[in-house]
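Me: Please take a close look at a single part of this model and build up a connected picture of what surrounds it. I would like the cut-off behind each term to be given once, where the term comes up.

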Amino acid sequence: MEQTLSIIKPDAVKKGVIGQIVSRFESNGLRVAAMKKLQLSDADAGEFYAVHKERPFFGELVEFMTSGPVVVMVLEGEDAVAKNRELMGATNPKEAEAGTIRADFAESIDANAVHGSDSLENAQIEINFFFAQREIV
Ligand code: ATP
Ligand code: MG
């Protein structure tokens, strides 16, 4: 059993598709073990995406992630890290496979609806960034 971190990004929250996205996870064997809605500060977003600090799109990424509330979740299930990435689809929604969350709900590579941890190790770091142990049940 694995845990992974999922974020429903500001574009998808604004569109009102939180329920539809959560439903994709639940109907594909991923259980919601923790969930909250919050507004990221510049410092929060910068720290969360610190690995991308040197990338040319870092400023836009932080601006986008702080442009409205997000929903953060711990998803739990068999192969949760890979399963979540599979349900999300490619980073660029134009390249995302039909039926994936990004193909169905995202507009562009910046506004791409969801985040998912890319490894088990990063999943633990990202979960600890957002949640206390007593919030994960
Ligand atoms: P995420 O980490 O958000 O789940 P990802 O793992 O699919 O997405 P990363 O390579 O980690 O993709 O990039 C993090 C985020 O930075 C992407 O979701 C996207 O919004 C943005 N991003 C990545 N590459 C570009 C790019 N070339 N131009 C603009 N934004 C980009
Ligand atoms: Mg990533």
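Reply: A backbone N or O atom of Asp 110 lies 3.4 Å from an oxygen atom of ligand 1. This is a predicted model, in which local features need pLDDT of at least 70 and side-chain atom pairs count only at pLDDT 80 or more, while totals for chains, interfaces and linings use all residues; side-chain values use heavy atoms, with hydrogens and water left out. Residues are numbered from 1 along each chain as its sequence is written, and chains are lettered from A and ligands numbered from 1 in the order in which they are written.

Two further polar atoms approach the ligand: a polar side-chain atom of Asn 112 lies 2.8 Å from an oxygen atom of ligand 1, and a backbone N or O atom of Gly 116 lies 3.1 Å from an oxygen atom of ligand 1. Ligand 1 is surrounded by 14 residues, of which the closest are Lys 9, Tyr 49, Thr 91, Ile 109 and Asn 112, where a residue counts if one of its heavy atoms lies within 4 Å of the molecule.

Eight of the eight residues of β3 are buried, so the strand is largely enclosed by the rest of the structure; buried means under 20% relative accessible area, exposed over 50% and partly exposed in between, with a 1.4 Å probe and protein chains only. In a regular strand the side chains alternate between the two faces of the sheet. In β3, Val 70, Val 72, Val 74 and Glu 76 point one way and Val 71, Met 73, Leu 75 and Gly 77 the other.

Glu 76 has a polar partner in Gln 3, a residue of β1: their side chains make a polar contact of 2.8 Å, that is, a pair of N or O atoms within 3.5 Å, of which, within protein, one must be able to donate a hydrogen and the other to accept it, residues adjacent in sequence counting only if both atoms are side-chain atoms. Not counting residues up to four places away in sequence, Gln 3 also touches others, including Ala 80, Ala 123 and Ile 127, contact meaning heavy atoms within 4.5 Å.

Ala 123 and Ile 127 belong to helix α7 (residues 120-130), where the buried residues are Ala 123, Glu 126, Ile 127 and Phe 130. These cover an arc of only 100° around the axis, which puts them on the same side of α7, the arc being that of the directions from the helix axis to the C-beta atoms. Glu 121 and Ile 125, on the other side of α7, are exposed. Among the elements that cover the buried residues of α7 are β1, β2, β3 and β4.

After α7 comes the segment that holds Glu 135, which is partly exposed with a relative accessible area of 35%. Glu 135 and Ala 33 are 102 residues apart in sequence, yet 8.3 Å apart in space, C-alpha to C-alpha. The side chain of Glu 135 is joined to that of Lys 36 by a polar contact of 3.3 Å, and it reaches the backbone nitrogen of Ala 132 at 2.8 Å.

Methods:
Helix = DSSP H or I, 4+ residues; strand = E, 2+ residues; numbered from the N terminus.
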